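Please read it beside the model.

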Amino acid sequence: HLLSGLHRLYKSASTSAMYNSETQYPPARCHEGTREAVLSRLSQWIADPKQESQICWLYGSAGVGKSSVAQTVAEQFAHEGKLAATFFFWRDDPTRNSVRCLISTLVLQLANAIPRLRTAINAVVESNIMILDAPLEDQFRELILQPFQSLDDSEESSPLLVILDGLDECIDGRSQERVLLSIARGLVSGGIPLIFLVTSRPEPRIKNVFETLAHICIRIALEDSDEDIRKYLSDGFAQIYSRRSTTMYQVHQPWPTPKQLDELVYKSSGQFIFASTVLQFVDDDYSLPSERLRIALGLTDREECASSDRPFGELDRLYQGILSANPNPEQLVRIIGSIVVFHDIMTPTTKMLEELLALQPGAVSATLSGMHSLLKTTPDSTHVAPHLFPIEFAHKSFSDFLLDSNRAGRFFIDRPAHHNYLTRRCLKLMREKSLSPSFAGRMQAWGLRPLVRLKPFTYALGQELVYHCNWAYHCISAITTPELMFELRATDIYAYANRLLMLGPDLYQTAWKSIAQVGVFIGEVNRVKRWAEVSTSSRNLLNIFLRSHHEID
């Protein structure tokens, strides 16, 4: 009864969000001997007696192991008596996927870690019965800031650590911003002997806020590490081999073979979640580990596998969760499908995708805004215009997921269908732009200028010319439909070749080399038997392309 306020606080908190909760068991800590560099850097920041940066943002792509680092740091500094509170966000838990329980959970732990705060916190909750339902900003001010400011300054001590893990798992982007801004305002106002470790994917909203907090924040990127993945897998397989000796006696060491281990490391692309999922799948009590490994490596026909023999269930849930959060799934599939089929020939930019897919400027960036953890970032992005950013996936496992209909479901990328769509778009743009009178006029105007001044011209034409040359690449891989045949009949490929002749092979070799794919296209007789309907002289056209290609080789 004397501490009824704290009892109310306990009832409104999410105990499952704490690092030592039963729901966190077994804890996903870092494997021994891995992530040593980042753990050392975090330890130095936490222990620094002259702490200037009171916030540390640890960011990295999906599945790279941010939560494991947070868990390891929490356990280490709890043991040393320097941990104040933790909150592990999780999208699938209603008590952890919003800020509703955040402050009450943190304050409950602060009251436990710093007994001097209990009286002040209890008094606030008892005197203001609505405080636990108040806005986040009011709760932070009255339950954290004011109780700390009421303490006697003569009892100052080293700052304690608060960990907020997976902030991007908070499903409301605006709430993510509010959390960070509330913390920043509290720290700037003074009187809070706390430092904050925040982990998340590098999503735009979060990244933008941290850019405004550079004066009180340090940023640490959790980079991919193939060597850490290799050690984790090697140790894990060694434990499986030892523990399952009665079923592994027929399997010769080394197991897996060096080649198999290399393949798994490659497929992991720095993702610990991929590696851990493989180990969990292989270590099934009722199956042969050697056979489960073959399934994970794709050496066993998937059609022969039972529905329970899906090796990447946890990874699939991660990808499904990220993709399902997008409000425009059809446009998302169109964009990521194009990135997949682009991969073999070039890395597209946002502008190229917007032109080919007939999207408004900025639409690609907006659609992919929640997927930054799955995309590679440009190292010198500050010097590159946003619409010229190259877009590619950060992890091989994501492409594998998208191309497997059993795993991806509604996000499955049907390669032939996407090749069909891109062929039609290339041909249409070829007619609208490359074969337009304005295009010919620009070519003639620039054609008489000195070669040294032609670079801006080739760059300007690049987006609308070079990729159009790849229509044949898409066409030979596309599913045949009436819509595709209509576009082929409607496009005068011979006229397009004549336009390219005006540039010449010395000026624009990329275009000429790409157009040589027409030969491959025509050679696919069974798939393009109606090709002659497009041009009355397809054989002569082919000879022109091949001669041109030979000249530049």
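1. Helices (H or I, at least four residues) and strands (E, at least two) are DSSP runs, numbered from the N terminus.

2. This is a predicted model: local features need pLDDT of at least 70, side-chain atom pairs count only at pLDDT 80 or more, and totals for chains, interfaces and linings use all residues. Residues are numbered from 1 along each chain as its sequence is written, and side-chain values use heavy atoms, without hydrogens or water.

3. Helix α6 (residues 136–149) has 14 residues, so at 1.5 Å a residue it should span 20 Å. The expected span is 1.5 Å times one less than the number of residues. The end C-alpha atoms lie 19 Å apart, which agrees.

4. Helix α12 (residues 272–282) is largely enclosed by the rest of the structure, because ten of its eleven residues are buried. Among them are Phe-272, Phe-274, Phe-281 and Val-282. The buried residues pack against α9 (226–243), α11 (258–268), α13 (289–296), α14 (313–324) and α18 (396–402).

5. Leu-6, Leu-9, Tyr-10 and Ser-12 in α1 meet Ser-104, Val-107, Leu-108 and Ala-111 in α4. Contact means heavy atoms within 4.5 Å. The residues of this contact divide into six nonpolar, two polar and no charged. Ala, Val, Leu, Ile, Met, Phe, Trp, Tyr, Cys and Pro count as nonpolar, Asp, Glu, Lys and Arg as charged, and the others, Gly among them, as polar.

Note on methods: Buried means under 20% relative accessible area, exposed over 50%, partly exposed in between (1.4 Å probe, protein chains only).
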